[in-house]
Amino acid sequence: ALQKGEGFWSQKMLGILLGGITKCHGRNAPDRALALLDRITVRQQEIGEVVVTPNSFSYNAILAGYAKHGLVRRAEDLLHRMHHQDTDEDSKPDTVSYSCVMNAISRSNAADAPKRAKALLEQMLSSKILPDVVTWNSLLNCYANRGMAKEAEEWLERMETLQQKTLLTDGPNTISYNSVLNAWAKSDHADAPQRAKELLSRMVALQDEGDTTGEEEGRGRGGGDGDDKDDPIKHSKQNKKSGVQVEPNKITQTSFLLCFEKNNCMQEGYDEWERITHQNSPNIL
């Protein structure tokens, strides 16, 4: 219970509580977390004292819950509420807020997902909120999951340009390149094998330049493996701790070979993988 004069509550404590609720109570868990947040606000008005002020960390915990459960519209509605509520700047959307919503959109089956994600990116930039690699990767996935390979690669090239200008310091990473390779693998383009070779060559060049800090870290943060791969909050924390991670892995290899398999030239795919990466390519399909 929230009582006047109590110092137990903090913004971090509130965010952890809300995040825990979203993970433990099924599909309606994020709604329950948001209802609790609203009750806390009302209770503070009743006792006449602000014990804890919800900030973006609190709301992001709920947004991540909506994304996890595929509740895209709820996530978009909450993001809109954060933008327009009459509170201090600490509760306004930040990079993680947008990443959570874009992650939800990218995982949905909505036909207009790329359009909606692009609109969010434009909204971020107009609000002077800088996207990070998690935001960009969610955008890439919107196109990749629908086989829109040319568009996905165009966004990747924009990421590379921003990175060269030091306007994007934590990407593109392995997930970025894997997403575009996945897009080409899902597409029916005849030039998919050639695009795959060029993308893999760029990955190997970045790896050779020393952008990776080790095989295990490359798999954990850049490879897309593990239960945390779709958690923008955890990814943002990890990316702040390390540099760009680019290293071909099993996911890279699978998408690369699928580009050749769809064009009936699997042997060429094996040969090209070995030539570019200097690694053997066992049949993993």
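Of the 285 residues of the protein, 52% count as buried, where buried means under 20% relative accessible area, exposed over 50% and partly exposed in between, with a 1.4 Å probe and protein chains only. The model is a predicted one, in which local features need pLDDT of at least 70 and side-chain atom pairs count only at pLDDT 80 or more, while totals for chains, interfaces and linings use all residues. Residues are numbered from 1 along each chain as its sequence is written, and side-chain values use heavy atoms, with hydrogens and water left out.

The secondary structure comprises 14 helices and zero strands; helices are DSSP runs of H or I with at least four residues, strands are runs of E with at least two, and both are numbered from the N terminus. Among contacts in the protein with a separation of 6 or more, 71% join residues 24 or more positions apart, a contact being heavy atoms within 4.5 Å.

I turn now to helix H7, residues 133-144. H7 has 12 residues and reaches 16 Å from its first C-alpha to its last, close to the 16 Å expected at 1.5 Å a residue; that expected span is 1.5 Å times one less than the number of residues. How many of the residues of H7 are buried? The count is 11 of the 12, so H7 is largely enclosed by the rest of the structure. The buried set includes Trp136, Cys142 and Tyr143, and also the polar side chains of Thr135, Asn137 and Ser138.

Next, the packing partners. Two packed helices are described by the angle between their axes and the distance between the axes. Here the axes are lines fitted to C-alpha atoms over the stretch in contact, and angles run from 0 to 180 degrees between N-to-C directions.

On the H7 side, the contact includes Val133, Trp136, Leu140 and Tyr143, and on the H8 side Trp155, Arg158 and Met159 are among the residues involved. By class, this contact has 11 nonpolar, one polar and two charged residues. Nonpolar covers Ala, Val, Leu, Ile, Met, Phe, Trp, Tyr, Cys and Pro, charged covers Asp, Glu, Lys and Arg, and the others, Gly among them, are polar.

With helix H9, residues 174-186, the axes of H7 come within 9 Å and cross at roughly 5°. That makes H7 roughly parallel to H9. Val133, Asn137, Leu140, Asn141 and Ala144 of H7 meet a set in H9 that includes Ile175, Ser179, Ala183 and Lys186.

Finally, the loops. Lys128 lies between helix H6 (113-126) and H7; its phi is near 60°, a positive value in a residue other than glycine, and it is exposed, with a relative accessible area of 75%. In the loop between H8 and H9 we find Thr166, whose phi is likewise near 60° and whose relative accessibility of 61% counts as exposed. Pro172 lies in the loop between H8 and H9, and the peptide bond from Gly171 to Pro172 is cis, with omega near 0°.

Key
Angles under 35 degrees count as roughly parallel, over 145 as roughly antiparallel, 65 to 115 as roughly perpendicular and the rest as oblique.
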